[in-house]
Amino acid sequence: MLNMQDVSKIYRTELVETHALRALDLVVKEGEFVAVTGPSGSGKTTFLNIAGLLEEFTSGSYVLDGVDVKGLDDNARSKLRNRKIGFIFQSFNLIPDLNLFDNVDVPLRYRGMGAAERRQRIEKALTDVGLGSRMKHYPAELSGGQQQRAAIARALAGDPRLLLADEPTGNLDSQMARSVMELLEDINARGTTIVMVTHDAELAARAQRNVHIVDGMATDLQRGSVLASA
Ligand SMILES: Nc1ncnc2c1ncn2[C@@H]1O[C@H](COP(=O)(O)OP(=O)(O)O)[C@@H](O)[C@H]1O
Ligand SMILES: [Mg+2]
């Protein structure tokens, strides 16, 4: 599903170069639920943004669902992102002036879908996350947990094959965090591959696999420990 080899990312400003990723190798198979942990500033968000085609990388190779993304122009990247990938952010990133229905509609409109299909997808996605009765509500009228559920509905309405989540429970209390995690587990059980960056050790432990990013390099925790003892 996702295969990164030797990926590096250097941010350059006039004064400094930051090596956000150095020779990162990471493979995520179809259907996996991978939790990514690591210290602040270690490159987790950079990795996720590259994985989600939001950012370019400096060197290395990245194949997403069989497509080598290296040679793609902006337009092809946007199309691929919009069709294959759903994003969830720590701060929900809902549009405050739009109700939930219209928030979920935004990425579907980008895809040029007809109104009837959009409506059907929006209603299903919001119902699936338990917000079927809140479609006309605005984000400010909801709890943090509900806002994150709405953001998940927005990510899912396009039927992505890969869901990328950057600390999706970082702004939630522990009870809401667990319920969002349960929702992600349901989504994964229905076949969507998930990569989730998290600081929460308890949630990370529930994922099938843990990858640790330190200093821009990834280690597979289980496999790493086996190798270390071999
Ligand atoms: N747009 C940017 N410009 C310059 N440096 C950046 C930018 N984004 C991230 N960085 C730097 O790259 C490194 C990795 O950042 P990030 O991927 O956000 O880490 P994490 O998500 O693990 O906290 C940090 O040193 C950060 O300051
Ligand atoms: Mg981050």
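**Group meeting: a walk through the model**

Okay, let's start with one residue: V27 is partly exposed, at a relative accessible area of 38%. For the cut-offs, buried means under 20% relative accessible area, exposed means over 50%, and partly exposed is in between, using a 1.4 Å probe and protein chains only.

Before I go on, the ground rules. This is a predicted model, where local features need pLDDT of at least 70 and side-chain atom pairs count only at pLDDT 80 or more, while totals for chains, interfaces and linings use all residues. Residues are numbered from 1 along each chain as its sequence is written, chains are lettered from A and ligands numbered from 1 in the order in which they are written, and side-chain values use heavy atoms, with hydrogens and water left out.

How confident is the predictor? pLDDT is its confidence in each residue, from 0 to 100. The chain has a mean pLDDT of 94, with 96% of its residues at 70 or more. The stretch to watch is residues 223-230, where pLDDT stays under 50. For that stretch the model has one contact beyond four places in sequence, a contact being heavy atoms within 4.5 Å. Where pLDDT is low, the predicted coordinates should not be read in detail.

Back to V27. This residue sits in strand β2, residues 17-28. When I say helix or strand, I mean DSSP runs numbered from the N terminus: H or I with at least four residues for helices, E with at least two for strands. What does V27 touch, leaving aside its neighbours within four places in sequence? The contacts are L2, N3, Q5, E32 and R209. And M4, which is 23 residues from V27 in sequence, is 6.2 Å from V27 in space, C-alpha to C-alpha.

β2 belongs to an open, four-stranded one in the order β2-β1-β4-β5, with antiparallel pairing. Its edge strands are β2 and β5 (67-68), each pairing on one side only. Pairing here requires that DSSP finds at least two bridges between two strands. Going across, β1 (residues 2-12) and β4 (residues 59-64) run antiparallel, joined by five bridges.

While we're on backbone angles, two other non-glycine residues have positive phi. N93, in the loop between β6 and α3, has phi near 55°. D215 has phi near 55° as well, in the loop between β9 (209-214) and β10 (217-220). Both are partly exposed: N93 at 36% relative accessibility, D215 at 49%.

Now for strand β7, residues 162-166. Five of its five residues are buried, so the rest of the structure largely encloses it. Which residues cover each face? L162, L164 and D166 are on one side, L163 and A165 on the other, and they are all buried.

β7 has a partner in β6 (residues 85-89), parallel, over five bridges, with G86 standing opposite L163. It also runs parallel to β8 (residues 193-197), again through five bridges, and there D166 is opposite V197. From β7 the chain goes through helix α6 (residues 174-189) to β8, in a right-handed β-α-β crossover. Right-handed means that, with the strands pointing away from the viewer, the path from the first strand over the helix to the second runs clockwise.

Last stop, the largest pocket. Its volume is about 620 Å³, where volume is the space filled by probe spheres set on grid points, joined across faces, edges and corners. The pocket definition: on a 1 Å grid over the protein atoms alone, an open set of points where a 1.4 Å probe fits, with protein on both sides within 12 Å along at least five of seven lines; lining residues have an atom within 4 Å of a point.

What lines it? There are 22 residues, and R81, N82, I85, P107 and Y110 lie nearest the centre. α2 (74-84), β6, α3 (100-110) and α5 (144-156) each supply at least two lining residues. Take Y110, in helix α3: it counts as exposed, at 70% relative accessibility. Y110 and N82 are 28 residues apart in sequence and 8.1 Å apart in space, C-alpha to C-alpha.

Key: pLDDT is the predictor's confidence in each residue, from 0 to 100.
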